Amino acid sequence: MSQGTLSVPTEPAEATPRNTALKRLARRNSTTAFLLTLPLILLILGLVIYPFAYAIYLSTLNRRMTRFIGWENFTFLLGRETFWNVVFQSVLFAVSAVLLKAFIGFVLAHVLHALPSKGQRKWRGMLLVPWVIPPAISTLAWWWLFDPSYSAFNWALMGIGVDPVPWLGQAGWARFSVILVNVWYGSPFFMIMYLAALKSVPDQLYEAAAIDGASGWQKLRHVTFPMMRNVISITVLFSLIVTFANFDIVRILTNGGPQDTTHVFATYAFQVGIQSGDIPLGASVSLFMFPLLAIFAIFTLRGVNKRSKEMS
Amino acid sequence: MEGKGIPRGVPRRTLLRASAAGAAAAALPLVNVHGQTSSGKLALGLWDHWVPAGNDGMRKLVTEWGQKNRVEIQLDFITSVGNKNLLTIAAESQARQGHDMLSFPTWEVHAQAEKLEPLDDIMGRLSQKYGALNPIVEYLGKVEGKWRAVPAISGSQNKPALGRIDLLKQHAGVDIQEMFPANANAGGKAADWNWDTFLRAAEACQKAGVPFGLPAGQFTDATDWIGSLFRSFGAELVNAKGDITAKSDGVRRVLEYSQKLFAFLPNDVFSWDDASNNRALISGKSALIFNPPSAWAVAKRDAPAVSEHLWTFPAPAGAQGRFTPYLPYFWGVWSFSRNKGAAKALVEFLSERDQAAAMVAASNGYDIPPFTSMTDFDTWEKEGPPTGVVYNYPVKPHHQAQQFIACYPAPPEIAVQMYNQGIQAKMIARVVQNKEPIDRTIAWAERELEGFKRG
Amino acid sequence: MGTVTATPFVPAEIKQGSLRRERRWALIGAYLALAVFVIFFMVPPFHMLMTSLKSSAEIADLSGNPWIVSRPTLQNYWELLTQGNYLIHFRNSVIVTVCTVIISMIISVMAAFALARMKFWGSATLATGVFLTYLVPETLLFIPMFQIIGSLGMYNNMWAMVLIFPTLTVPFCTWIMIGYFASIPKELDEAALIDGASHLQMLWKIFIPVALPGILAAMIFAFTVSWAAFIYPIAFLVSSDQMLLTVGIVSDLIRADTFQWGKIMAGALMAALPPLLVYAFLMDYYIAGLTAGATKG
């Protein structure tokens, strides 16, 4: 039985220890265990939970931060058109970017895995490049590629007789561009995670499947996919959370424009909170997704946990 | 790209620790506001100038002052790129520590008023010496009758028209050097420089493949020129009392005008940022932008063939007058500063005419002092080529123009949201990009403004 | 998404006998897909490289080909390395990243060991909770963080980053390590316990050596994240001599509306070197480490 890693609270006790000595030892060692986790607990309490609680408190204050107004910031937001645009765009941005990253990562991991190991390194190295350039800077480079006057993309398009594209100037293109940059940056991460998982699938399983006459697709569906489900879930979950919180890409490329169509939670919160001097409202914007994502995360983790127990 | 920041040999942490430990000691009142004998340490966070020489000039002034007054200076230049200066202000306001004196952009004086030291005494003395100020800095810097910051010289900028002499003459038949020559007299056609002429010129230049580069996104370059456009049409969205007045003929007229104008602009101007218009001009793709002379200075370095044909001249006039976009910075002193006396003395020192002249010279004429009496420095006459390119950059009496900040005179706590969320540009975008009827756009704007009014 | 839809996913209905042909086609498809994605992934870096080799005049000149450099110059690199604070920022980034990696590893290895091998009250909740910390976005945390860092007197001090960055790295590292530790056979520690070893000895003598690939994987992750962090550094570091690379590039090489593109690109490419080297040398360990951690997770 595996030690459920990200296990849920309801998990039943571990299989009975084989002897009482071990049991006693285990109890005595719960102090050790507590001490070992103490730095982690302190870190999370001090630098995540406390500021988080403080941010929640902030979100209940008025604009000048002088008066408690309860839910008013949230009810105010729910009544704003602009805010609903932001919700829509954030969901569109995060979901489509994560799906594309997951898909591209999956394809690339497979393709790399199929290569003879000699050539793999070289290809792998090149495919990792987007992931190693600090994203705040690589986004600047993309921005330069999209620039209205200097766009090297448009230069190339003109070369083949296509009209220049307003990469960041029209809602549709701008949405496409911010997603494109996020996919470009994030796909290699999925690729490595999947590649690692693929390498851990025992070859015997494929051999057995081949003997049973399975096609490539069937192998993928019945061998590879079930073996990778946990990695996929965790990677997608992690990436979804991080993509929902993304700030740099939209901030640098469009600053939310044109007409707020590319604003995501983080950039809108920044505009409302820091630029327009309403920190409580900005905090409320940032907090908005928390409950939804938390529910999603807990269910995903619970599923992962259940499967990892079944598997071992 | 020279070294900057803390003077070597004084580790930052020691400074901080010393000041934390010496909090009680530092509470000693620093008397002598006039500052000839004050001492101690002073941490400054000043606007990171676009001209490297601008920083050098500032450092020289500050260091000399520090030596003369035996004040140890720690000088950081804080960039406005990525709104780093806003983040810094928010950080120091929350942490209640950091610098003693900071550069505050446009709206931040109002936002931080409670944590800023009143500077009425300095402003009183300066106004006595140098006369009238423009009303915009008073609107932005004076909160409930008290000056909370002094309008800064370094960083304050106008955004008049910056155009190509050759292209405008050739394609649009507009001779900008004749209209606004490098002397104190307006040319014969200056009075005709209005938004209608502008529209015709925009059309001609667009047909010639060098469209005007007028951004309409949510960055300040866009907000500033659009603010002046609205004002000169008498299109006021919120009045000084805070009432929404968007449903007016002025607003309708300016939106109708925008429909016509934007047909002649590149189709992606709605996403342009503060650098896109510069690039359009420098690359030779555009005949006119609204900008401080930075675009010209970069062109001088990277594209001299373009820069020789550039000329700065006032914004077009509308039915209500001529309004030059203006973006002032302020120098403020935190109320939690441990060396207020020295900080105030330095602010006053920097605001004097001699220092103003030095800063204007160091910044190639970029900085605009708040006092009308300081718009006569010879830097603006001499810069070139072409000589006199920035002569008309400060607002001169014969321009018959006023400096203007978008969203004035709405109450600043509403105006800051209108300004930073670019509501006027968005109204234009709705009418132009979405082809939305004007009345629906106004109704939309009213709903947005209703939201901004929330206390 | 022209590039994305071009997925050469391999033939479905091919009969048994043609296994070799199937393989060959799969391989051709694989190289085709690789080529498409390598182009997609490498276009911006290639453009960066070209731009970094140009003078500002050539960058501003629209008549030239933006993808090719006609008069290559190393001036941008040279100026970055000899003038200004790029090297200071680089050094700061190295210091902060190395410290962050060390601290993250200590915290997460200890915690992961306890969570994977020693049951105690709340351990399951803690394991889930650690992952959930990612749900709280940096953009929300930095305002309260101003006060925390301020009260510690660490505002505008790069060591504050060493304090904050572990919140970005530790949860994922802990997760990788829990997975890895869980994959180590239980017989090993039972044997050790019966031999009278304490848990700490067990961690030090057995788990850490056995789990080295996992630790490396976590280290590389922590390295990448703290090397690239942007929001906290830009919010907390003001003095140029305290800045990290990412902020330094943005705040020193962009002046209001003037971008020194050549230097920005040169700076970015040099900033990408350390992670690239780390990946080049440790990639196999990384994958091996993730392999165990990931599947058990």
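Me: In this predicted model, which element of chain C has the lowest mean pLDDT, and which the highest?
Reply: The model is a predicted one, and the mean pLDDT of chain C is 82, with 89% of the residues scoring at least 70. Over residues 1-17 of chain C the pLDDT stays under 50, and for this stretch the model has 24 contacts beyond four places in sequence. Among the elements of chain C, the lowest mean pLDDT, 36, belongs to helix α1 (residues 2-5) of chain C, and the highest, 93, to helix α8 (residues 159-164) of chain C.

Me: Over which residues of chain A is the pLDDT below 50?
Reply: Chain A has an average pLDDT of 83, and 89% of the residues score at least 70. One stretch of chain A falls below 50 and yet has 45 contacts in the model beyond near neighbours in sequence. That stretch of chain A is residues 1-17.

Me: Over which residues of chain B does the pLDDT stay under 50, and what ipTM and pTM does the model score?
Reply: In chain B the mean pLDDT is 86, and 91% of its residues reach 70 or more. The stretch of chain B where pLDDT stays under 50 is residues 1-38, for which the model has 54 contacts beyond four places in sequence. For the model, the scores are ipTM 0.83 and pTM 0.84.

Me: What radius of gyration does chain B have, and which value would a compact globule with 455 residues have?
Reply: Chain B contains 21 helices and 14 strands, and the C-alpha trace of chain B spans about 70 × 50 × 40 Å along its principal axes. A compact globule with 455 residues would have a radius of gyration near 23 Å, and the value for chain B agrees with this, being 22 Å.

Me: Which helix gives the largest share of the side of chain A that touches chain C?
Reply: Where these two chains meet, 95 residues of chain A are in contact with 96 residues of chain C. By class, the side of chain A that touches chain C divides into 73 nonpolar, 17 polar and five charged residues. The largest share of this side, 21 residues, comes from helix α1 (residues 20-58) of chain A.

Me: How are α8(B) and α10(B) oriented to each other?
Reply: Helix α8 (residues 165-172) of chain B packs with helix α10 (residues 195-207) of chain B, their axes being 9 Å apart and at an angle of about 95 degrees. The contact is made by L167(B), L168(B), H171(B) and A172(B) of α8(B) together with R200(B), A201(B), A204(B) and C205(B) of α10(B), and by class these are six nonpolar, one polar and one charged residues. Angles of 65 to 115 degrees count as roughly perpendicular, and α8(B) and α10(B) are therefore roughly perpendicular to each other.

Me: What is the handedness of the crossing of α8(A) and α9(A)?
Reply: Helix α8 (residues 203-211) of chain A and helix α9 (residues 216-244) of chain A have axes that come within 10 Å and cross at roughly 140 degrees. The residues making the contact are L205(A), Y206(A) and A209(A) of α8(A) and K219(A), H222(A) and V223(A) of α9(A), which by class comprise four nonpolar, one polar and one charged residues. The crossing of α8(A) and α9(A) is right-handed.

Me: Where does M65(A) lie, and what is the value of its phi?
Reply: Most residues other than glycine have a negative phi. M65(A) lies in the loop between α1 and α2 (72-78) of chain A. As a residue other than glycine, M65(A) has a positive phi, near 60 degrees.

Me: Which residues does the cis peptide bond of chain B join, and what is omega there?
Reply: Most peptide bonds are trans. P409(B) has its place in the loop between β14 (401-404) and α19 (412-420) of chain B. The cis peptide bond joins Y408(B) and P409(B), with omega about 5 degrees.

Terms used. Residues are numbered from 1 along each chain as its sequence is written. Chains are lettered from A and ligands numbered from 1 in the order in which they are written. This is a predicted model: local features need pLDDT of at least 70, side-chain atom pairs count only at pLDDT 80 or more; totals for chains, interfaces and linings use all residues. pLDDT is the predictor's confidence in each residue, from 0 to 100. Two residues are in contact if their C-beta atoms, placed from the backbone, lie within 7 Å. Helices (H or I, at least four residues) and strands (E, at least two) are DSSP runs, numbered from the N terminus. The radius of gyration is taken over C-alpha atoms; the globule rule is 2.2 Å times the number of residues to the power 0.38. Ala, Val, Leu, Ile, Met, Phe, Trp, Tyr, Cys and Pro count as nonpolar, Asp, Glu, Lys and Arg as charged, and the others, Gly among them, as polar. Axes are lines fitted to C-alpha atoms, for helices over the stretch in contact, and angles run from 0 to 180 degrees between N-to-C directions. Angles under 35 degrees count as roughly parallel, over 145 as roughly antiparallel, 65 to 115 as roughly perpendicular and the rest as oblique. A crossing is left-handed if the near helix is turned anticlockwise from the far one by less than a right angle, and right-handed if clockwise.
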